[in-house]
Amino acid sequence: MIGGASALGIGVLMALPAALPASAAPAPIKTIRHWHALYDVGVHPRVTVAQARASARAGTTVPEFTASVKVGTRTFTYTIVGKNPAKKVSNASTTVNAEIVPVIMKFSNGDTWTPTKTDSCDTGATPLARTQNSPIVKTQAHKFGGTVVGTVQVTDAFQRAEFWKDAHPGGINPAYGVDLAFKTLKPVTINVPPADQATGTIGCGNGLLGATEINWLDNHLQKVVIPSLKSQGVGPTTFPIFLLHNFVEYDGNVFNCCILGFHNSFNTPAGTQTYAEAEYDNSKSPVTGISDILGLSHEVGEWQNDPNTLNPTPPWGHIGQVPNCQAKLEVGDPLTPTSFTDTLGGFTYHPQELAFFSWFYHQSPSLGVNGWYSDQGTFKTFAAPC
């Protein structure tokens, strides 16, 4: 994610290296290997638990609550966006200001990926417009298994559904939820260094799925892009979402591909900054089951439940995108890339199914809607030990 004025708006531009000697050949663009749907691989929080909780108490980050849950003899303390659904309050709904930041990715050979233009992958609307009119942004009536969970955004519907015991009409907080108040910022252009460029072949658009190394991109977002957006209102109390088009990340080398999005946090003098990055995908790529807002729904849902990526859980794994064991409250990972259809404005979107809080913390019965452990009912019991 760069500086300087572009034809589409003001971006953040990284310094270009000096011209190469005539004898020096540019590094070849790497080829993507092992196409797998992955999220959040390779990124690490740059904030401590103490810093994040202090920022939440001071109101210098997005609204969050901290609570604890007991699993057997162990106690797990977690922080979630919004208000605690298990504590009765006069208004349990939380609104968070969020920014969609369209990101134009450019390679040194001129290859470009932009969410602000149509191409042969979808001639009907730009990826940005599809996102702006999607269930991530727009409200609509949602039913999970025949149960009406509210006229809300799809990730708010998930949040209400996973704490349905308290959020249902007869619960102690029937108005519970997390609403995102979106605005769209000017596009930002990122010039990817030659050493961090990779591509794979797809059947539409410019014919390429672009990729860059995730640690380079995440560092660039934190050090260059996010600070540059302060004048447009981005800061620790808002939630910027960086929107790419048919552009992914790899972790370290091209055999660890393809990361479709991530969320993260870092400490600043003004407070803890949370943010997310995701691609809008209509690439028809070899990554099975990936389309449109699946990555974005994955990351927004995970940000809501683990905004600082620091919430511990009992170990779980061997499911979804997790081949071994992990112990984090990442609600999208165990169901990657399971999606469901959601038609809005005449277009059919594919949000990802997400796992409920009770799945991670072995709660029986589940707090979730219909007694389920995920929002479409794929999980009927809590996570197996790992």
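Analyst: Let's begin with one term: a residue counts as buried when its relative accessible area is under 20%, as exposed when the value is over 50%, and as partly exposed in between. Please keep in mind that this is a predicted model. A disulfide is a covalent bond between the sulfur atoms of two cysteines. Searching the whole structure turns up three disulfides.

Take Cys257 and Cys258, which are joined with an S to S distance of 2.3 Å. Cys257 has a relative accessible area of 1%, so Cys257 is buried. Cys258 is buried as well, at 0%. Their link is right-handed, with 95° about the S-S bond.

Now to Cys121 and Cys204, whose sulfurs are 2.0 Å apart. The torsion about this S-S bond is about 95°, so this disulfide is right-handed. Cys121 sits in the loop between β8 and α2, while Cys204 sits in the loop between β13 and β14, so the bond ties together parts 83 residues apart in sequence. Cys121 is buried at 9% relative accessibility, and Cys204 is buried at 5%.

Finally, Cys325 is joined to Cys386, S to S 1.8 Å. Here the torsion is about -85°, so the disulfide is left-handed. Cys325 belongs to strand β21 and Cys386 to the segment after α7, 61 residues apart. Cys325 is partly exposed, with a relative accessible area of 43%, and Cys386 is partly exposed at 35%.

To put the pairs in order, number the bonded cysteines along the sequence: the pairing reads 1-2, 3-4, 5-6.

Notes
Residues numbered from 1 in each chain as written. Predicted model: local features only at pLDDT ≥ 70, side-chain atom pairs only at ≥ 80, totals over all residues. Heavy atoms only, no water. Disulfide = S-S within 2.5 Å. Helix = DSSP H or I, 4+ residues; strand = E, 2+ residues; numbered from the N terminus. Buried < 20%, exposed > 50% of the residue type's maximum accessible area, 1.4 Å probe, protein only.
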